[in-house]
Amino acid sequence: MTPAHPARLGALAGSMTRSVRGAAMTFSQIVSERVGMSVSHVALADRESLQRSLCALDEFSGGRLCVVAQRMRTADGQAAEALLALPEEGALLIVRRMLGLADVSDELTELEQDALAEAGSIVIDACSGGLAGAFGWKVEATQPRVALSSRDCAFGVDESLQNALVTHLHIHLSGLRVEGRVVLEMVADTALPAASHYPLSA
């Protein structure tokens with residue numbers, strides 16, 4: 001993958017920061033408390049770099065990540081993948097805060113999976129929607145897929161995904177801090193937009 005100019009990635013980080021603020025407002029309404037979301041940085045990653053990034057996140061999960069996946073399409077109709085990856089423990093804590101449940105189980109129930117799919121869709125829609133015009137993405141109105149996966153299974157990332165825009169996301173609730181990754185697949189026809197498309201300030 002051709003290296004991106006740092007100014008362009010800085011601009012993308014600013015755009016993502018503004019996008020996740022909208023997602024945080026939606027979360028706040030669901031859990032009836034203040035929710036913060038911030039972006040530490042954005043990177044273009046090939047398959048190997050993406051796996052390293054997910055492995056770093058895996059260090060906080062005890063061996064598994066919770067991945068919410070949704071399909072996108074490019075302007076010319078090519079399929080692309082969008083993912084929200086969270087450490088398993090962090091995902092459990094977030095979804096139970098959404099539902100007002102006690103920490104009663106180490107496994108996701110069907111209700112919790114549905115809630116996590118909703119949460120993932122909120123974040124994915126915010127991030128992909130904020131850049132849809134520049135990248136030509138269109139998120140399909142399909143039910144997100146939720147899975148728990150380990151590094152042995154490449155964290156559930158489809159083998160066809162070779163290049164991606166990776167956003168390092170931090171979710172803040174009272175007494176709870178969770179780091180995650182938003183992964184937006186970059187297919188061959190998708191070009192990094194010019195820095196002039198985005199103001200550099202977040």
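**Strand pairing and nonpolar cores in a predicted model**

Arg-71 stands opposite Glu-81 in β3. The model is a predicted one, in which local features require pLDDT of at least 70 and side-chain atom pairs count only at pLDDT 80 or more, whereas totals for chains, interfaces and linings use all residues. Residues are numbered from 1 along each chain as its sequence is written, and side-chain values use heavy atoms, with hydrogens and water left out.

β2 and β3 run antiparallel and are joined by 9 bridges. β3 also pairs with β7, again in the antiparallel sense, over 4 bridges; strands are taken to pair if DSSP finds at least two bridges between them. Within β7, Leu-184 is the residue opposite Ala-82. Of the 9 residues of β3, 8 are buried (under 20% relative accessible area, with a 1.4 Å probe and protein chains only).

The chain contains 4 helices and 7 strands, in the order α-β-α-β-β-α-α-β-β-β-β from the N terminus. These elements are DSSP runs numbered from the N terminus, helices being H or I of at least four residues and strands E of at least two. Buried residues make up 48% of the 202 in the chain. Among contacts (heavy atoms within 4.5 Å) with a separation of 6 or more, 72% link residues 24 or more positions apart.

In soluble globular proteins, nonpolar side chains tend to be buried together. A nonpolar core is defined here as a set of buried Ala, Val, Leu, Ile, Met, Phe, Trp, Tyr and Cys residues joined through side-chain atoms within 4.5 Å. The largest such core has 43 residues, and Phe-27 and Met-37 have the most contacts inside it. Two or more residues of this core come from each of α1 (6–31), β1 (36–46), β2 (65–73), β3 (79–87), α3 (88–99), α4 (110–135), β6 (163–173) and β7 (176–185). α4 gives the largest share, 9 residues. Another core, of 14 residues, lies apart from this one and includes Leu-54, Val-67, Ala-164 and Val-166. Beyond its neighbours within four places in sequence, Phe-27 contacts Val-35, Met-37, Ile-94, Met-98, Ala-119, Ile-122 and Val-123.

Mean pLDDT (the predictor's confidence in each residue, from 0 to 100) is 76 for the chain, and 72% of the residues score at least 70. Over residues 191–202 pLDDT stays under 50, and the model has 32 contacts beyond four places in sequence for this segment.

Definitions and conventions
Buried < 20%, exposed > 50% of the residue type's maximum accessible area, 1.4 Å probe, protein only.
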